[in-house]
Protein chains: 2
Amino acid sequence: MSDPEQKRVPLEDLRRSCASCSVQQLCLPAAVDADDLARLDVLVRKRRPLQRGEQLYRQGDPLTALYVARNGAFKTVVHAPDGQAQILGFQLAGELFGFDGFGTGRHQCTAEALGPAQVCEVPLDKLEAYALEVPGLRRQLIQLMGRRMNRDQAHVAILARRQAAERVALFLHGLSERYIALGGRPDRVDLPMSREDMGSFLGLAFETVSRALGKLQDEGLIHVDGRRVTLLDAQALRAMVHPDGA
Amino acid sequence: MSDPEQKRVPLEDLRRSCASCSVQQLCLPAAVDADDLARLDVLVRKRRPLQRGEQLYRQGDPLTALYVARNGAFKTVVHAPDGQAQILGFQLAGELFGFDGFGTGRHQCTAEALGPAQVCEVPLDKLEAYALEVPGLRRQLIQLMGRRMNRDQAHVAILARRQAAERVALFLHGLSERYIALGGRPDRVDLPMSREDMGSFLGLAFETVSRALGKLQDEGLIHVDGRRVTLLDAQALRAMVHPDGA
DNA sequence: CGGTCAGTTGACGGAAATCAAAAAATGTGG
DNA sequence: CCACATTTTTTGATTTCCGTCAACTGACCG
């Protein structure tokens with residue numbers, strides 16, 4: 001896992017880590033040719049590891065970079081003035097995030113590590129400079145934001161459901177698809193967040209989340225073992241998500 | 001700013017209409033200097049009027065343009081395979097929309113006129129060509145998408161509320177702010193959509209929307225007259241939205 | 001071995017969905 | 001302009017589901 005001969009040249013490490021990063025196709029260089037890709041590493045800065053509960057950026061912070069979850073997962077939270085928090089999203093290992101704040105220049109939410117984590121950081125000023133050389137980069141950024149918007153829309157579609165079990169099923173289904181896209185097993189969903197976090201995301205009390213998971217298990221759709229969920233009947237789960245079978 | 005000698009060149013009409021369009025600051029040219037602004041009109045194409053219920057684009061259609069509601073309002077809807085529809089947003093007169101579909105190249109939802117309406121259309125291919133001349137345009141587009149994402153996040157924050165009256169209050173508050181931004185009266189909120197549409201957007205049964213409006217009226221916060229709502233106590237409404245008074 | 005935290009399960013009350021019907025608004029054709 | 005049909009909105013009665021309160025279990029950690 002290391003280049004023993006190199007005398008601690010950070011650039012080398014970065015390049016290697018970026019090449020092995022599962023995000024590479026999701027990440028910026030998707031529309032950039034291989035030659036450009038080779039130069040992209042210089043943009044990325046490895047960041048110190050984060051502990052569970054540590055915040056990567058806070059609501060109100062100026063937007064200075066985008067982030068890729070390298071290991072571990074994150075949640076993005078909006079804190080209302082009265083102290084109550086609303087979770088807007090979860091970022092899995094391999095996903096790019098930090099787009100909130102492009103509207104105002106300041107982050108609209110706080111990003112917090114759900115467990116031990118590492119992030120790669122893409123400073124925006126370097127990205128900006130790089131965009132002058134690589135015309136396709138901004139277009140690629142727009143596409144990535146478009147995907148992120150679609151995910152937010154899916155979140156809305158979940159929250160508008162009235163049955164708790166439906167919301168949970170939709171949530172698991174969405175997580176499963178993301179894990180698959182990141183190279184995971186199609187039937188395995190590991191939940192990096194607590195029941196309480198799920199509840200906040202889904203607009204449910206955490207007890208209701210627990211009960212809904214139990215109900216889905218009783219129906220034979222999933223198997224629940226703490227934060228390890230197995231999809232037993234992805235077909236039926238999908239049917240629950242898309243009742244018409246499309 | 002104009003070429004008066006040109007004989008009925010549609011360009012003239014377009015320029016005039018674009019100059020009077022209330023979107024101009026929201027719209028693309030915000031980060032573009034005045035000189036560039038003058039050339040922007042050529043991008044915009046006036047579209048035929050739409051009738052109530054008529055669809056501007058449909059889920060699955062290739063993304064070919066962005067739109068500005070000129071008169072009237074629109075709703076964007078996701079149709080689930082089982083036929084049940086979820087409203088993702090409302091577009092008021094003067095607002096730019098159509099960003100869904102930047103992720104996949106196809107619209108993720110259907111845009112439908114809530115009443116008689118007119119739209120200006122910004123073809124993407126022209127926008128693309130224009131972006132080569134005006135470097136700031138893509139950045140501006142990113143910023144606009146960022147704002148749109150923030151609005152979606154506000155939608156999530158609404159849906160996560162558990163009291164129906166709170167959701168409705170937040171909805172009215174948000175609409176009011178948008179009307180103010182577009183130059184409307186601060187205390188007047190005209191609802192271009194039915195109770196059923198509101199219900200879909202808010203994740204509530206339409207009867208519940210009706211009752212919640214009645215409750216807010218009984219509490220003296222608003223006055224309801226069909227689709228014409230007057231904010232009687234914007235202070236209290238704001239307090240309901242931001243319980244801590246921030 | 002206590003102590004905290006995360007998760008499950010049970011009981012209960014309340015808020016919203018649902019079912020139902022009336023009233024108001026809107027549109028249509030004569 | 002009116003009469004009629006249709007849609008929209010309101011209001012009422014009932015039921016269902018979820019939030020809340022509470023007790024309990026198990027895991028992790030000092």
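Biologist: Which residue forms a salt bridge with Asp197(A), and how far apart are the closest N and O atoms?

Modeller: Bearing in mind that this is a predicted model, we look for a side-chain nitrogen of Lys or Arg within 4 Å of a carboxyl oxygen of Asp or Glu. Here the partner of Asp197(A) is Lys75(A), with the closest N and O atoms 3.1 Å apart. The two sit in distant parts of the chain, since Asp197(A) belongs to helix α6 and Lys75(A) to strand β4, 122 residues apart.

Biologist: Is Asp197(A) buried or exposed, and what about Lys75(A), buried or exposed?

Modeller: Buried means under 20% relative accessible area. Asp197(A), at 11%, is therefore buried, and Lys75(A), at 13%, is buried as well.

Biologist: Which parts of chain A does the pair of Glu95(A) and Arg151(A) tie together?

Modeller: These residues form a salt bridge with 3.7 Å between the closest N and O atoms. Glu95(A) lies in the loop between β5 and β6, whereas Arg151(A) lies in helix α4, so the pair joins parts that are 56 residues apart in sequence. Glu95(A) is buried at 5%, while Arg151(A) counts as partly exposed at 27%. Both residues also belong to a network of salt bridges that includes Arg178(A).

Biologist: What does Asp190(A) form with Arg228(A)?

Modeller: Asp190(A) and Arg228(A) form a salt bridge, their closest N and O atoms being 2.9 Å apart. Asp190(A) is in strand β9 and Arg228(A) in strand β11, so this pair ties together parts 38 residues apart in sequence. Asp190(A) is partly exposed at 27%, and Arg228(A) is partly exposed at 40%.

Biologist: How many salt bridges does the structure hold over all chains?

Modeller: The structure holds 18 of them over all chains.

Notes:
Residues are numbered from 1 along each chain as its sequence is written. Chains are lettered from A and ligands numbered from 1 in the order in which they are written. This is a predicted model: local features need pLDDT of at least 70, side-chain atom pairs count only at pLDDT 80 or more; totals for chains, interfaces and linings use all residues. Side-chain values use heavy atoms; hydrogens and water are left out. Helices (H or I, at least four residues) and strands (E, at least two) are DSSP runs, numbered from the N terminus. Buried means under 20% relative accessible area, exposed over 50%, partly exposed in between (1.4 Å probe, protein chains only).
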